[in-house]
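I opened the notebook to look up charged pairs and strand pairing. Entries follow in the order I took them.

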Amino acid sequence: MEDLDPTYLQAPEHISAPNVLPNQPEEVNVIDLSRLEDPEDVQNVISEIGEACEKWGFFQVINHGVPCDTRQRVEKTAKKFFDLPMEEKVKVKRDEKNPVGYHDGEHTKSVRDLKEVFDSYFKDPMVIPSSTDLEDDSLSLLYNKWPQFPSDLREACEEYARHAEKLAFKLLELISLSLGLPKERFHDFFKEQMSFLRINHYPPCPRPDLTLAHNPHKDIVVLTILAQDEVGGLQVSRRSDGVWFPVKPVPNALVINMGNCFEIWTNDKYWSAEHRVVVNTTRERYSIPFFFFPSHDVEVKPLEEFVSPENPPRYKGYNWGKFFASRLRSMFQKLDTHTIQVDDLKVIT
């Protein structure tokens with residue numbers, strides 16, 4: 001890989017972006033959810049989550065209830081899959097009509113990411129708008145694609161995803177409480193959720209001066225629950241100054257990051273942080289994000305609780321399903337056109 005494929009080449013300003021950490025760097029909070037068992041500590045946990053959502057848009061959780069062996073099983077079976085010859089992996093390759101299964105050509109902001117992935121919907125089938133036309137109310141069903149080998153990949157992914165979804169709703173309630181809202185304020189947004197599980201495989205790369213494993217981006221989700229291995233490489237841009245900080249691997253922890261939906265729902269009170277993954281020159285890396293998406297019919301807009309004459313809406317509303325459908329093409333090919341970002345939805349004042 002000394003002669004790096006040009007599709008992976010990153011813009012120089014992203015490679016050389018400010019990356020010098022302070023002498024005593026802060027770290028993304030690690031929050032122990034077992035403290036919720038102590039009634040006297042519950043409010044402290046809720047407050048810490050709120051502070052992390054506002055300052056970083058990222059935090060880590062331990063004692064979260066997702067069994068470690070379920071994550072390890074996904075990692076073990078995923079490695080068997082990614083070690084297969086390419087002709088086997090492409091038998092479950094995803095396409096523009098059904099963006100699920102294997103893929104090795106993902107683009108972030110029109111630059112190819114140095115990784116390969118395997119995706120599966122949480123709900124199988126998943127309901128999605130048939131088109132991006134706002135006048136078209138028709139819906140389609142999308143089904144998962146599973147390889148014949150390893151034969152237990154499906155079971156491993158489905159078991160892990162069930163635990164991740166349970167944690168997602170628990171975090172949703174805690175975040176709602178941190179905002180001073182009823183804990184079930186957001187539940188109705190997930191009746192036909194479009195969530196999915198991804199397995200990322202990042203190969204080693206000897207040219208960190210030319211590319212990134214995953215280019216800088218914000219997640220379009222409500223929440224992302226990420227299991228990362230011990231190799232590391234995930235970095236988050238601090239809200240206050242844009243300085244990049246590593247999200248250091250913590251044994252058995254899960255990384256939580258706020259997505260664009262929460263940033264918009266809270267009218268910028270909570271933060272969807274830009275993040276990236278730097279390459280490792282000698283070791284491959286695996287990560288498992290669970291992307292928590294709302295239902296196809298949900299309108300994402302600033303909630304009335306966060307809007308007032310003094311604090312008017314900062315974003316235009318949009319239909320989630322139509323927005324997601326419009327993003328599909330950008331997942332598969334390097335487009336000359338601009339890929340819509342959350343800042344494009346800001347209200348110009």
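I started with Glu27, which is partly exposed at a relative accessible area of 48%. My cut-offs: buried is under 20% relative accessible area, exposed is over 50%, and partly exposed is in between, with a 1.4 Å probe and protein chains only. The model is predicted, so I took local features only at pLDDT of at least 70 and side-chain atom pairs only at pLDDT 80 or more, while totals for chains, interfaces and linings use all residues. Residues are numbered from 1 along each chain as its sequence is written, and side-chain values use heavy atoms, without hydrogens and water.

Entry: salt bridges.
What does Glu27 form a salt bridge with? The partner is Lys248, and the closest N and O atoms are 3.0 Å apart. The pair links distant parts of the chain, 221 residues apart. Glu27 sits in the loop between α1 (12–15) and β1 (30–32), and Lys248 in the loop between β13 (244–246) and β14 (254–258). I took helices (H or I, at least four residues) and strands (E, at least two) as DSSP runs, numbered from the N terminus. Lys248 is partly exposed too, with a relative accessible area of 43%.

I counted as a salt bridge a side-chain nitrogen of Lys or Arg within 4 Å of a carboxyl oxygen of Asp or Glu. Searching the whole structure, I found 23 salt bridges.

Next I took Arg73 and Glu159, a salt bridge with its closest N and O atoms 3.3 Å apart. Arg73 lies in helix α3 (residues 68–82) and Glu159 in helix α5 (residues 153–178), so this pair ties together parts 86 residues apart in sequence. Arg73 is partly exposed at 26% relative accessibility. Glu159, at 25%, is also partly exposed.

Then I looked at Lys91 and Glu88. Their salt bridge has its closest N and O atoms 3.1 Å apart. Lys91 is exposed at 61% relative accessibility, whereas Glu88 is partly exposed at 34%. I also noted one network: salt bridges that share partners join Arg35, Asp41 and Glu48.

Entry: strand β11.
Is β11 enclosed or open? In this strand (residues 223–228), 6 of the 6 residues are buried, so the rest of the structure largely encloses it. I checked both faces, and both are covered. Leu223, Ile225 and Ala227 are buried on one side, and Thr224, Leu226 and Gln228 on the other. In a regular strand the side chains alternate between the two faces of the sheet.

I counted two strands as paired if DSSP finds at least two bridges between them. β11 runs antiparallel to β14, joined by 4 bridges. It also runs antiparallel to strand β16 (residues 285–292), joined by 6 bridges. I followed Thr224 both ways: its bridge partner is Asn257 in β14 and Phe291 in β16.

Entry: an open sheet.
Which order do the 4 strands take? I read β10-β15-β12-β13, with antiparallel pairing. β10 (214–217) and β13 stand at the edges with a single partner strand each, so one side of each has no neighbour in the sheet. Neighbouring strands are turned by 20° against each other on average, direction ignored. The axes behind that angle are lines fitted to C-alpha atoms, for helices over the stretch in contact, with angles from 0 to 180 degrees between N-to-C directions.

Last, I looked at strand β12 (residues 234–237), which pairs with β13 in the antiparallel sense over 3 bridges. There Gln235 stands opposite Pro246 in β13.
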